[in-house]
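Me: Hey, could you walk me through this one? I'd like to start with how you sort residues into classes.

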Amino acid sequence: MIRIAVITAVISALSQQVQTAPQFHSTIGPLPSSVRTELKNGHYWHKGCPVSLSDLRVLTVTHRGFDKHNHGGQLIVNKNAAPRLAAVFHRLYQLHFPIRHMSIKSMYGPRSHQPKDGDVTGSFECRDAVPSPCTGGRSTGHWSNHAYGLAVDLNPRENPYVGCGMSRDPTAQSYRNRSRHRPGMVTSAVISAFGSIGWGWGGAWAGDTKDYMHFSFNGH
């Protein structure tokens with residue numbers, strides 16, 4: 001009887017742990033007027049951008065932080081990509097993949113209030129594609145997938161944009177060596193999560209230029 005009682009107690013305790021374990025949550029909603037204003041004032045969106053504000057959505061997801069706790073994160077993404085990206089971030093949550101900063105304030109807030117480390121995971125930004133560090137320059141002359149809300153940059157510091165032995169972020173230089181894994185670096189499981197919705201990874205680009213943070217709907 002004692003043995004049965006102990007087993008019952010263990011099962012009950014495990015059941016309680018499962019019931020109280022933090023769960024993943026996600027929501028998708030239109031841009032609030034305050035966010036629209038913030039995007040305009042910060043020049044993240046302007047007339048002539050290839051996507052309208054009404055075609056963008058706020059994707060809110062639970063994610064793991066570098067502190068090993070759960071956090072609520074937000075991205076602004078294309079409305080057509082939002083449901084599939086919610087599934088990707090669910091998978092990243094299951095993998096306990098840590099994300100440093102992912103919020104509207106961190107991405108689009110006043111520069112003085114943005115994280116000093118610049119390690120912000122984000123998606124939408126109406127801008128041209130950034131040229132390779134190999135070529136220099138400020139603009140490629142054509143829209144980035146970010147301008148459509150169809151790309152995500154994941155932990156930019158741990159996953160830098162590099163080319164010809166150079167990086168645009170001096171603080172990310174130590175992460176050019178991809179053979180030594182550290183928390184926040186993109187793994188094969190993360191690549192597979194985005195691959196499950198047909199998105200490609202900038203770290204797989206041919207040639208000397210690699211964008212390890214970058215995932216997009218067409219791989220560019």
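Reply: Ala, Val, Leu, Ile, Met, Phe, Trp, Tyr, Cys and Pro count as nonpolar, Asp, Glu, Lys and Arg as charged, and the others, Gly among them, as polar. Bear in mind that this is a predicted model: local features need pLDDT of at least 70, side-chain atom pairs count only at pLDDT 80 or more, and totals for chains, interfaces and linings use all residues. Residues are numbered from 1 along each chain as its sequence is written, and side-chain values use heavy atoms, with hydrogens and water left out.

Me: Thanks! How many nonpolar, polar and charged residues are in the lining of the largest pocket?

Reply: That lining has 16 polar, 12 nonpolar and 9 charged residues. A pocket here is an open set of points on a 1 Å grid over the protein atoms alone, where a 1.4 Å probe fits, with protein on both sides within 12 Å along at least five of seven lines; lining residues have an atom within 4 Å of a point.

Me: And which residues lie nearest its centre?

Reply: Of the 37 lining residues, those are Glu125, Arg127, Val130, Asp153 and Met213. The volume of this pocket is about 1,000 Å³, taken as the space filled by probe spheres set on the points, with grid points joined across faces, edges and corners.

Me: Switching topic: which residues have the most contacts inside the largest nonpolar core?

Reply: Leu85, Phe89, Leu92, Leu154 and Phe194, in a core of 29 residues. Such a core is a set of buried Ala, Val, Leu, Ile, Met, Phe, Trp, Tyr and Cys residues joined through side-chain atoms within 4.5 Å. Buried means under 20% relative accessible area, exposed over 50%, partly exposed in between (1.4 Å probe, protein chains only).

Me: Which helix gives the most to it?

Reply: H3, with 7 residues. Helices (H or I, at least four residues) and strands (E, at least two) are DSSP runs, numbered from the N terminus.

Me: What is Phe194 in contact with?

Reply: Leaving aside neighbours within four places in sequence, Phe194 is in contact with Leu85, Val88, Leu92, Val152, Leu154, Trp199 and Phe215. Contact means heavy atoms within 4.5 Å.

Me: One last thing: is Asn155 buried or exposed?

Reply: Buried, with a relative accessible area of 0%. Asn155 sits in the loop between E4 and strand E5 (161–163), and its phi is near 45°, a positive value in a residue other than glycine.

Me: And His96, buried or exposed?

Reply: His96 is exposed, at 51% relative accessible area. Its phi, near 60°, is positive too.
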